[in-house]
Amino acid sequence: MAEYDFDVLVIGAGPGGYVAAIRAAQLGLKTACAESRETLGGTCLNVGCIPSKALLHASELFEEAAHGTLAKWGVKTGNVELDLGTMHASRLESIKGLTGGIEFLFKKNKVEWLKGRAAFESADTVKVGDRTVRAKNIVIATGSSVTPLPGVEVDQQRIVDSTGALEFAEVPQHLVVIGGGVIGLELGSVWRRLGAKVTVVEFLDQILPGMDAEVRKESNKIFKKQGFELKLGTKVTGAKAGGDGVMLTVEPAAGGAAETIEASHVLVSIGRRPNTDGLGLDKIGLELNKRGQIDVDHSFKTKVAGVWAIGDVTPGPMLAHKAEDEGLAVADNIAGHTGIVNEDVIPSVVYTMPEIAGVGLTEEQAREHGEVKVGKFPMLANSRAKTNKEPDGFVKIIADAKTDRVLGVWIISTLAGTMIAQAAQAMEFGATSEDIALTCHAHPTHSEALKEAAMAVTGKPIHI
Ligand code: FAD
Ligand code: NAD
């Protein structure tokens, strides 16, 4: 009998875990992946990236038809009606197709799916359901879940988290979103487009913390123009759900008079926290850091030999593509190759309309490191965006004043999520703003705004 059942056991089949398992198997390692959900794909495929994007896409189409955008192009749609049941069915169809796809890839690559919750017995032994297995290497990829807000109890009916907000059976009359971050603005956008009044209550004095200050300010303007009510610098102190609504108590974050807000529904989206409960980390002597995360070194090793960790359960942005890249790298490292993730160049995208994207340093962060040059170009001056009637936003490039090396790129544009890939690649290759300015960009494309912003770094854009 072999000493170990597996060379690699991955705990969790989200974008981090399933990618790590498939790559480990591709590298010739005998691999299993433990997952307690009924389907593979983790938060991202089941209740995160994919279902939210399905609803964002569908609600965009609805809004274009219902609010006259299509009509402006001469596409008459007559009386537009919402069939929410079909919209939800389409969302579920996307989830089914993609999670089933991961199951197919597991079979194709001979990754064994151990169904059930996994808990450590020792550093190389894990119990999954009724089965106990030994593995030479164990990768913790257990992801994250919603951070609860004391005094605001999620019942998934009137007071929901992101999972509940993907499943409203009818359009809320007045949705109050607690937290003006990515989830609040994306899911708030979905329900606003479908007819809800949306109020966002944000503790800080601006939405979208972590992003470039100018981008946050401009986004705030755009969301207000779209009809969002934004209550900044405000904290929720309690919520009482009744038969037909929720009464929220809020007060200024800095202290002051309380007021009440009546909502039909409330979305709690104040962040996510790592999943480590019940994992038996105490049995292997693995301690969490102050933020409840598992610390790793650059090769994704934890402090316990043979135990690795990746994705949302570790420090860094909680993003699917960060988890995936770490999944590839950890498998390479386990197999004796060199797996690296450049944590300084991880793009992030908010999939609202327009999209908001960034990679690298904000202008504020860059200025802390030294002198910078900034080039900006408005989408209004980009011929394609203007023609498409998509004038909102800009591209902003921040470069080192001495070396011209690009330190950060920020974009608000309908296609920002796609455009940011070019910026990430340029930064990964150590590009200067001049490199981007001298790269031929196809015309007419939104991406030309990147070239113009790069030309603006030296003060010589053509179209403004
Ligand atoms: P997860 O995807 O959370 O997967 C972890 C898996 O481990 C889960 O399936 C869980 O069931 C399983 N698990 C946990 N503990 C155990 C155990 N003890 N035993 C067995 N199994 C266990 N990111 C983006 O990049 N782009 C987006 O557009 C985006 N949209 C999002 C929208 C929403 C509404 C939400 C909530 C998140 C979104 N995210 C998005 C974030 C993204 O989903 C996460 O960053 C990503 O899923 C993290 O991957 P992971 O593999 O670390 O963990
Ligand atoms: P977030 O960290 O993006 O935003 C949370 C917001 O809530 C912040 O603005 C914060 O200041 C605010 N907040 C915190 N406590 C509050 C309180 N008591 N009252 C009012 N406001 C409060 O978190 P999220 O939107 O819940 O998303 C969680 C994670 O999921 C994020 O890390 C994000 O990276 C990931 N995600 C990514 C995408 C994407 O990539 N498009 C989409 C959805 C989620």
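Predicted model: local features only at pLDDT ≥ 70, side-chain atom pairs only at ≥ 80, totals over all residues.
## The shell around ligand 2

Ligand 2 is surrounded by 22 residues. The closest are Ile183, Glu186, Glu202, Gly271 and Val349. By type, the shell holds 13 nonpolar residues, five polar ones and four charged ones.

Domain 1 (6–146 + 273–335) and domain 2 (159–270) each supply at least three residues to the shell. Among the contributing elements, helix α7 (residues 182–193) gives the most, with three residues.

## Backbone contacts to the ligand

For Ile183, a backbone N or O atom lies 2.9 Å from a ligand oxygen. For Met318, a polar backbone atom is 3.1 Å from an oxygen atom of ligand 2. For Val182, the distance from a backbone N or O atom to a ligand oxygen is 3.3 Å.

How much of ligand 2 does the protein cover? On its own, ligand 2 has 840 Å² of accessible area, and the protein covers 78% of that.

## A five-stranded open sheet

Five strands form an open sheet in the order β18-β19-β22-β21-β20. Their pairing is antiparallel. Which strands lie at the edges? They are β18 (348–350) and β20 (372–378), and each pairs on one side only. From one strand to the next, the twist averages 10°.

Note on methods: Residues numbered from 1 in each chain as written. Chains lettered and ligands numbered in written order. Heavy atoms only, no water. Near = heavy atom within 4 Å. Polar contact = N/O pair within 3.5 Å; in protein donor to acceptor, adjacent residues only side chain to side chain. Areas by Shrake-Rupley, 256 points an atom, 1.4 Å probe, with all protein chains shown as cover. Helix = DSSP H or I, 4+ residues; strand = E, 2+ residues; numbered from the N terminus. Nonpolar A, V, L, I, M, F, W, Y, C, P; charged D, E, K, R; others polar. Domains from an automatic or database assignment. Pairing = 2+ DSSP bridges. Axes fitted to C-alpha atoms, helices over the stretch in contact; angles between N-to-C directions.
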